[in-house]
Amino acid sequence: MSPRDRLAVAVALAALPVRVTLALTAALSPDEAYYAGAARLGIPIPDHPPAVVLAARCAWAMPDALPLELRMRAAPLVLGTIVSLLLVEISRRNHGSPAAQRWTAILGSWLLLPLAGGFLATPDVMVFLATLVLIDQESKTRAGAAGEVAVFAATFLGMLTKVIMAPVALAVALTSRRSLLHRLLPIAAILASLPWTSESLGFQLRHAFTASPVAPVGPIPALAAAIGAQVLLWTPTVPFLAAK
């Protein structure tokens, strides 16, 4: 295991004030306004699991003196910073040199999509964090009880945020070299989340695999586009660390 590079940590943390500035100056996107409106009206939304609206309700519970844009984006700002630091830590645990850790910090914090993903109130940052927790546990020699709990909790919470977590967790379960119990944990977490995520999962599957005027490209190109967009959001670092 390589020593932690302080400059890499500083590079990752330096993205936070930039994200805060962007959060304060950028108007809410249509998706963010959609979540904020659903939370304000106290209604669920069929195309996302319940954690999305729940997070938006927390924003409404914060003091009115704070700008709505900042309240809506408070959680992504915190989670995005954790993601940046965790990326550097996983790189270090995979024997990343100081230079490798610094490049990880740059690619994971300063490219356009990761930078935006660290302040926009979308479900992606939570799925990103959950995915990194799974990769982090796979990179350890032995997970232990705490690691097993982390795998289950990360998959479960990721599913409550966005159902794209399902194929990610299944990929980890199928490729893991750990015990059978460890490989079954992500699958168990997916099944445990279904009472809260089945509506969103059904909505997304119908959207992807049912021909309609709004989805004229067909299911396979649509699925490939969704996966490609997720990879771009995660940066090339994540697939590389996952493969290792």
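This dialogue walks through some features of a predicted model.

Visitor: What should I know about the model before reading it?

Guide: It is a predicted model, in which local features need pLDDT of at least 70 and side-chain atom pairs count only at pLDDT 80 or more, while totals for chains, interfaces and linings use all residues. Residues are numbered from 1 along each chain as its sequence is written, and side-chain values use heavy atoms, with hydrogens and water left out.

Visitor: Which residues of helix 7 are buried?

Guide: A residue is buried under 20% relative accessible area, exposed over 50% and partly exposed in between, using a 1.4 Å probe and protein chains only. In helix 7 the buried residues are Gln101, Thr104, Ala105, Gly108 and Ser109. They cover an arc of only 100 degrees around the axis, which puts them on the same side of helix 7. The arc is taken from the directions that run from the helix axis to the C-beta atoms.

Visitor: What do the buried residues of helix 7 pack against?

Guide: Contact means heavy atoms within 4.5 Å. The partners of these buried residues are helix 1 (6–13), helix 2 (15–25), helix 6 (74–93), helix 8 (112–117) and helix 14 (237–243).

The contact rule can also be applied to a single residue. Glutamine 137, in helix 9 (residues 124–139), is buried at a relative accessible area of 5%. Leaving out residues up to four places away in sequence, glutamine 137 touches Ala143, Gly147, Ala150, Val151 and Arg178.

Visitor: How is a pair of aromatic rings described?

Guide: By the distance of the centres and the angle of the planes. Rings of Phe, Tyr and Trp (its six-membered ring) pair if their centres lie within 6.5 Å; planes under 30 degrees apart are stacked, over 60 edge-to-face, and the rest tilted. The count here is three aromatic pairs. One of them joins tyrosine 34 and tyrosine 35, a tilted pair with 5.8 Å centre to centre and 40 degrees between the planes. Tyrosine 34 is partly exposed at 34% relative accessibility, whereas tyrosine 35 is buried at 4%.

The rings of phenylalanine 152 and phenylalanine 156 have centres 6.2 Å apart and planes at 10 degrees, so this pair is stacked. Both residues lie in helix 10 (residues 144–161), four residues apart, about one turn of the helix. Phenylalanine 152 is partly exposed at 30%, and phenylalanine 156 is buried at 19%. Ring pairs join Phe152, Phe156 and Trp196 into a cluster.

Visitor: Where does arginine 40 lie relative to tryptophan 60?

Guide: A charge sits over a ring if NZ of Lys or CZ of Arg is within 6 Å of the ring centre and within 35 degrees of the ring normal. Arginine 40 lies over the face of tryptophan 60, 4.3 Å from the ring centre.

Visitor: How many salt bridges does a search of the whole structure find?

Guide: A salt bridge is a side-chain nitrogen of Lys or Arg within 4 Å of a carboxyl oxygen of Asp or Glu. The search finds eight. Among them, aspartate 64 meets arginine 71 at 3.6 Å, N to O; aspartate 64 is exposed at 65% and arginine 71 is buried at 8%.

Arginine 93 and aspartate 136 meet at 2.5 Å, N to O. Arginine 93 lies in helix 6 and aspartate 136 in helix 9, so the pair ties together parts 43 residues apart in sequence. Arg4, Glu89, Arg92, Arg93 and Asp136 are linked in a network of salt bridges.

How values were computed: Helices (H or I, at least four residues) and strands (E, at least two) are DSSP runs, numbered from the N terminus.
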